[in-house]
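The sequence and the model are shown first, and a description follows.

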Amino acid sequence: MKTITTLLTGTALTLFLSMVCSVYAQDVTVSEKSFTCIRDGHKIRNTYIRNADPEKLKEAVRIFKNSVPDKEYPVGTILQLVPFEAMVKHPREKFPKSNGWEFFALEVSEAGTKIRDRGDNVVNLSLGAPCLSCHQPAARFDFVCEKGHGCAPIPFDDQKISELQTADARCAKK
Ligand code: HEC
């Protein structure tokens, strides 16, 4: 009897540990080096998408392109609309308020990227609003605003967005 209990406890413990490990193992580490020229990403409409894993990138592109509702982006996905802001997907438990998305405010120069602020409480200083407050209404689309997902609009039209992307100081000069 004792052996069975020991065995069961052991199995439960192994299972628990492997679950804990898998949650953490699949998370991504984000540093200043994670951000390079915005145009290194894959562009869909106004947004650049990245994921270091080609299969996950394919999945993220599919979700974004088709605006698939009630679908989570794969961990490690980086979304950027403008060079100085980004959203990075972690496991949901890490940032429960934003379903795992971490918001970034970046300082961009030819020398590279500096992280000004990160987390789920980042504020867009020029708009005076937290990233999450604007992206929240798009929760059904995993907090991706685009157009028509319910977010308050930003004061940049498509042409201005494109100009900002072209002007990214980190991109190699041709
Ligand atoms: C005033 C509301 C508002 C605020 C504040 C805001 N956003 Fe957004 N964001 C939007 C809208 C609207 C779009 C879609 C623009 C488009 O595609 O034309 C967008 C797009 C994005 C995208 C591209 C993916 C998507 O959701 O469409 C990223 C990445 C992003 N924002 C990050 C941030 C970060 C980081 C912050 C804070 C530093 C922030 N945003 C603050 C409204 C906002």
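The model contains an open sheet of 6 strands in the order 1-2-3-4-5-6, with antiparallel pairing. Strands, like helices, are DSSP runs numbered from the N terminus (strands E, at least two residues; helices H or I, at least four), and two strands pair if DSSP finds at least two bridges between them. Strand 1 (42-44) and strand 6 are the edge strands, each pairing on one side only. On average, neighbouring strands of this sheet are turned by 30 degrees against each other, direction ignored. Such angles lie between axes fitted to C-alpha atoms, for helices over the stretch in contact, and run from 0 to 180 degrees between N-to-C directions.

This is a predicted model, in which local features need pLDDT of at least 70 and side-chain atom pairs count only at pLDDT 80 or more, while totals for chains, interfaces and linings use all residues. Residues are numbered from 1 along each chain as its sequence is written.

| Strands | Bridges | Residues standing opposite |
|---|---|---|
| Strand 1 and strand 2 (residues 47-50) | 3 bridges | Lysine 43 and tyrosine 48 |
| Strand 4 (residues 85-89) and strand 5 (residues 101-109) | 5 bridges | Glutamate 85 and alanine 105 |
| Strand 5 and strand 6 (residues 112-119) | 7 bridges | Phenylalanine 104 and arginine 118 |

Strand 5 and strand 6 also form a hairpin, with 2 residues between them. Elsewhere, helix 2 lies across strand 1 and strand 2 and runs at about 155 degrees to strand 2.

The largest nonpolar core has 19 residues, of which Leu79, Ala86, Met87, Val88, Phe103, Phe104 and Val144 touch the most other members. Such a core is a set of buried Ala, Val, Leu, Ile, Met, Phe, Trp, Tyr and Cys residues joined through C-beta atoms within 7 Å. Helix 2 (54-65), strand 3 (78-80), strand 4 and strand 5 are the elements that give two or more residues to this core; strand 5 gives the most, with 4 residues. Not counting residues up to four places away in sequence, phenylalanine 103 touches Met87, Arg118, Gly119, Asp120, Val122, Cys131 and Leu132; contact requires C-beta atoms, placed from the backbone, within 7 Å.

Serine 31 is placed in the loop between helix 1 (2-25) and strand 1. Serine 31 counts as exposed because it has 8 C-beta neighbours inside 10 Å; a residue is exposed with 12 or fewer other C-beta atoms within 10 Å of its own, buried with 20 or more, and partly exposed in between. Serine 31 and threonine 113 are 82 residues apart in sequence and 9.3 Å apart in space, C-alpha to C-alpha.

Definitions and conventions. Two residues are in contact if their C-beta atoms, placed from the backbone, lie within 7 Å.
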